[in-house]
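Hello,

Here is the structure you asked for. My notes follow it.

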Amino acid sequence: MDDFVAIDVETANMERSSICSIGAVKVRGGVVVDRRYSLVRPEPDWYAYGCTRVHGLSDADTWNAPVFSKVWTQWQEWLGELPLVAHNAVFDAGCIRAACKIYGIEPPEQPFLCTLQAARKSIPRGMCPSKSLDSLCQYFGIPLKNHHNALDDAEACAKLAIVLL
């Protein structure tokens, strides 16, 4: 697959709609050509300690950020009709759909492809200690600068997708 958008979201709490950051990387002809990142004011607007521990974001980072509907509306033309790819796409797609529902906007129609599922199918057991994004990046020699930063995770996912899909 040569043309797609890899996407990653981070959430503020256990509610799928609570996206607090989103990153996306556009790939054309198998090459990363563009990147987008935005902090997002989550809905519901509160942070679980465990989530903040994972990604480092808190209310101080997003209190003045745009809501998801504003970010998503601005990104729709940029996303176009390209397939979307995520690592553990069930999570990211579920979060995006939940946030779209909260704001009464149409969720993406294009399919979400999953690098986690692709890795599980193509890498034999025991070859890679885990199928987590950071383990797979280490296995394939893909740099992952700041794991759980939505843009860095999206970029790593894009490079995994180039290899796996």
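**Salt bridges and a helix pair**

E155 and K159 both lie in helix α7, four residues apart, which is about one turn of the helix. Helices here are DSSP runs of H or I with at least four residues, and strands are runs of E with at least two, numbered from the N terminus.

This is a predicted model, in which local features need pLDDT of at least 70 and side-chain atom pairs count only at pLDDT 80 or more, while totals for chains, interfaces and linings use all residues. Residues are numbered from 1 along each chain as its sequence is written, and side-chain values use heavy atoms, with hydrogens and water left out.

E155 forms a salt bridge with K159, with the closest N and O atoms 3.4 Å apart. The term means a side-chain nitrogen of Lys or Arg within 4 Å of a carboxyl oxygen of Asp or Glu. E155 also pairs with R35 in a salt bridge, at 2.7 Å from N to O. That pair links distant parts of the chain, since R35 is in strand β3 (residues 31-39) and E155 in helix α7, 120 residues apart.

E155 is buried, at 12% relative accessible area, whereas R35 is partly exposed at 41%. Buried means under 20%, exposed over 50%, and partly exposed in between (1.4 Å probe, protein chains only).

The contact between helix α6 and helix α7 has nine nonpolar, no polar and one charged residues. Ala, Val, Leu, Ile, Met, Phe, Trp, Tyr, Cys and Pro count as nonpolar, Asp, Glu, Lys and Arg as charged, and the others, including Gly, as polar.

Regards
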